[in-house]
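Please prepare a short briefing on the fold features of this protein model. Keep it brisk and grouped by topic.

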Amino acid sequence: MFGGGRGGVGFWGRWGGGSTSPPAPASSARSGFVAEGGCGGSEVAWCLLAVTARSLPVAFTLFAGAPLSFHSRRLALRRRSRRAVAGGAAGLERSGCRVIVAGFVAGYDPKEFEEKWYAEWTAKGLFSPGPRREGEVPFSMVIPPPNITGSLHMGHALNNALQDILTRYRRMLDPAALWVPGTDHAGIATQNVVERQLLAEGIDRNDLGREKFIERVWSWRDESGGTIVEQLRRLGVSCDWSMERFTMDDGLSRAVREVFVTLYEDGLLSRDRYLINWCPRCETALSDIEVEHEDRDGHLWHLVYPLEDGSGTISVATTRPETMLGDTAVAVHPDDARYKDIVGKNVMLPVMDRPIPVIADAYVDAEFGSGAVKITPGHDPNDYEMGLRHSLPMISVMNENGTMSAEAGKYDGMTIEDCRAALVARFEQDGTLERTEAHKHSVGTCYRCHNVVEPLLSVQWFVEVKGMADETLKAIDDGRTRFVPAHWEKTYRTWMENIRPWCISRQLWWGHRIPAWYCDDCEATFVSREDLTTCENCAKPLRQDEDVLDTWFSSALWPFSTMGWPEKTELLERFYPTSTLVTGFDIIFFWVARMMMMGLRFMGDVPFKDVYIHALVRDENGQKMSKSKGNVIDPLVIVDEFGADAFRFTLAAFAAMGRDVRLSEKRIEGYRNFVNKLWNASRFVEMKRDEAVTCEMPEKLELATSRWIRSRFAACARDVRTALDAYRFNDVATRLYQFTWNEFCDWYIELAKVYSDEDSAAGVETRQMLTAVLEQLLRLMHPVMPFVTEEVWQGLPTSGRASGSIMQASYPDESGWVDEAADCEIGALIEVVRAVRNIRSEMNIAPKVELDVYLSAGDTADLLRAHEALIQRLARVGVVHYGDAAPEGSSTALAAGAEVSVPIAEHVDVAAEVARLGKELARIDKEIGGLDKKLSNESFIERAPAEVVAKDRARLESSRQERETLQASLERIEALGSSR
């Protein structure tokens, strides 16, 4: 009888008294195994195999008095006193022997362990760097603070998983590792959230008033602003939560005011009229990063401007006809021969009937359109710069609410859309409109409300950052800060060399209010570290600036404000500059650059030594994830379904430098299988363990298999550490996977089975090595997969390993264990076994059939004589012949420099195998033909999405390779038939 459910054993057998009732589900990860009723080793073996055949490795106990045979010892049965078995149980019966598996979880269940271990880590303060120690090598990072309005998405998941891998790794190297968490107040986003709540209640924020509105925002923040922090914990991130910061905390607010006032006192901060990004819906200035650009279908209107002297006309084009009301020049390229005679003349601006000059500027592209462009300095950033160069008037024809201003003449008060329609109609009537053509162009929109953003002249606060930007470039040049990958340095340099003054004021209520006060009587301006109420010149009341600071202004101070600056704290002395910043490329200029400028200006040193730029997370087809496409993957859903360890490992495995992460649930499912592989391997090791086993790695080893696995682990540890130090996360994951699955699980565990149940010295050494290598591997893997490694590690013997958590254990570095002789010896054995298995597979010979093997004479044969038992066990071989000629009808392969021949004539039905391979070739030929035809169709190549074409091409290549393998097998079989 078989049955069961999630979390339990998954089956049960016949119970004493004939009962077939299923047991209760297991509640513990560990298992007990009870055999009673005079069980011999063979009966227990049968029952155990029935269990392990379902991939349910167990540890077990015999009731006292049960006879044990040799087979019992091979199965590592441990005598213990009779006791009740805790937790759920399941059993099987054979020949009067009842075997009970108790308290067992079928495979690794992350839900059982993740919450438990995270709670224990945080309760014990294991994420803290602890007190300062002499000789310590500190490591520190600050988290890119997510907005308090946000929820966890794939970008956050990748960013924080990589940071956590680095932090856990460095913490195991030296406990002085600090990872500072926190959140950003996100001025515009948060104000919009609360405004929408108020509107739903029928309340306008202006009716509520500034003070009450701010109270409402703080209330929302206290209730809902910590959502993303709790979600980050689900990933297992090991931030020092006692250091959690918020950009509006009192200490950080003090730092913000100190920086503002100091910049003002140093003459680097001023209030002036400047062209900025303006959102008419939110009625605030926006930073460049807060403007999202999207391609939209529009029109290009070609207009004719007459020369003032009546000698001709000049044609210009625009995507925004309404802005022509603010034109103050027409520009041409200085080398454009068509316009040399009219540069310096005036044209008459239609509608406004205002003379404006024709100027020459190298910015103009003479090849585009007519080669002449209208210049509106008040409504275009490039035109604004040109206006400064040529001292042109700056005219603003729009209001902050998105209507036309008095400067627009009779169109004053119209909406932008109505004004555009009216102007186009007039141009059609009076002949100003030369022609209209369809035109797709990039349109800037507000990242929150998605309304079109207008360049607008406005009085704002600006920071002159050119000098600070130059200092950051010097820090890059002398190596104080480096970018990884290095090519991002070029992007950074380009931005910093062309930097413009930074507009830092925002027309919001939520944020750091600008510490500037104005006297309306004497028109004095005061900037102060303390709040002011009275004018020191005329003793009249002062009013504070209504604006708040750009959110990026406060986050630019993040690396040092979070550690207590402007006070000279021990944290700053110990952990500044930080070691690494992990972030996305999209905020290099808007955050990384500003932290560099502020860190050098106020701390006298760079804020971080390394800037690791990770890629974007896309779907499996390389498409950007978006709700509209329906291809968004929710990280929390993934964690619920597959576990945090599998998810983190997947992110690391695909985080190759310079390539976006292509994610799919199938890939995550594959790494869940990897987690289960590690879990089941640990259960096998536990089953083989006896009371003498410790976690200590033996210094002297007799077995070549022991020296080999220790050497292979040392090579893996070396490669993983090298990759971590170089931020090659995908290499870390690949190397861990290769060693764990292939070398440890697939090969060493199979090799160990030959000796592990013996009472001999070889058996003792093998059982010790199984546990010692597993313990080292768990530490090596812990930064990437923290939960499963902690759970398994806690079940290992305490002797020979660190106490407490695996987090407090040292990171493996055993390069002295590399053993080239053992690598060569066991490597040759593996090649020979693999060659025999391949022959068996290609010839379709059943696994149960014992085969003879002939090894050609030479060094390989001599090397492998001592391992004949291993070859026989792993390759299912009967007799191994050394140096003898192989009989006719043998299949031969080259392995480790030797010929490996297997007599197969008596085991192969040539006719049947030829027929089977013929059918397979016909199938693959049909598939290749279909793909060839599809990919030869130019119409398909042009119309199909690029990812579909790429997938079909990959399938075609794979099918061709499969055909080559099938053809080679067919030729060998046919040759075998002709030799009979």
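This is a predicted model: local features need pLDDT of at least 70, side-chain atom pairs count only at pLDDT 80 or more; totals for chains, interfaces and linings use all residues.

Residues are numbered from 1 along each chain as its sequence is written, and side-chain values use heavy atoms, with hydrogens and water left out. Helices (H or I, at least four residues) and strands (E, at least two) are DSSP runs, numbered from the N terminus.

**The four-stranded sheet**

- The strand order is β32-β31-β34-β33, in an open sheet with mixed pairing. Two strands pair if DSSP finds at least two bridges between them.
- β32 (877-882) and β33 (890-895) are the edge strands, and each pairs on one side only.
- From one strand to the next, the twist averages 25 degrees.
- β33 and β34 (residues 898-903) run antiparallel and are joined by six bridges. Leu894 has Glu899 of β34 as its bridge partner.
- Helix α25 (residues 820-842) packs on this sheet and touches β31 (851-855), β32, β33 and β34. The direction of α25 makes about 145 degrees with that of β33. Axes are lines fitted to C-alpha atoms, for helices over the stretch in contact, and angles run from 0 to 180 degrees between N-to-C directions.

- Glu850 sits in the loop between α25 and β31.
- Glu850 counts as partly exposed, because its relative accessibility is 48%. The classes are buried under 20% relative accessible area, exposed over 50% and partly exposed in between (1.4 Å probe, protein chains only).
- Glu850 and Gly878 are 28 residues apart along the chain, yet their C-alpha atoms are separated by 5.5 Å.
- Leaving aside neighbours within four places in sequence, Glu850 contacts Arg876, Val877, Gly878 and His907. Contact means heavy atoms within 4.5 Å.

**Nonpolar cores**

- The largest nonpolar core has 214 residues, of which Leu263, Phe553, Met598, Phe647 and Phe744 touch the most other members. Such a core is a set of buried Ala, Val, Leu, Ile, Met, Phe, Trp, Tyr and Cys residues joined through side-chain atoms within 4.5 Å.
- Another core lies apart from it and has 39 residues, including Tyr274, Leu307, Val330 and Met404.

**Strand β14**

- In β14 (residues 329-332), Ala329 and Ala331 are buried on one side, and Val330 and Val332 are buried on the other.
- In a regular strand, side chains alternate between the two faces of the sheet.
- Four bridges join β14 to β17 (residues 372-375), and the two run antiparallel. Val330 has Lys374 as its bridge partner there.
- β14 pairs with β16 (residues 354-360) in the parallel sense over three bridges. Ala331 stands opposite Ile359.

**A helix crossing**

- The axes of α19 (residues 644-653) and α22 (residues 729-752) come within 7 Å and cross at roughly 120 degrees.
- α19 and α22 are therefore oblique to each other. Angles under 35 degrees count as roughly parallel, over 145 as roughly antiparallel, 65 to 115 as roughly perpendicular and the rest as oblique.
- Phe649, Ala652 and Ala653 of α19 meet Phe729, Asn730, Ala733, Leu736 and Tyr737 of α22.

**Backbone sites**

- A cis peptide bond joins Trp565 and Pro566, with omega about 20 degrees.
- Another cis peptide bond joins Tyr576 and Pro577, with omega about 0 degrees.
- Ala186 has a positive phi of about 50 degrees although it is not a glycine. Ala186 is buried, with 3% relative accessible area.
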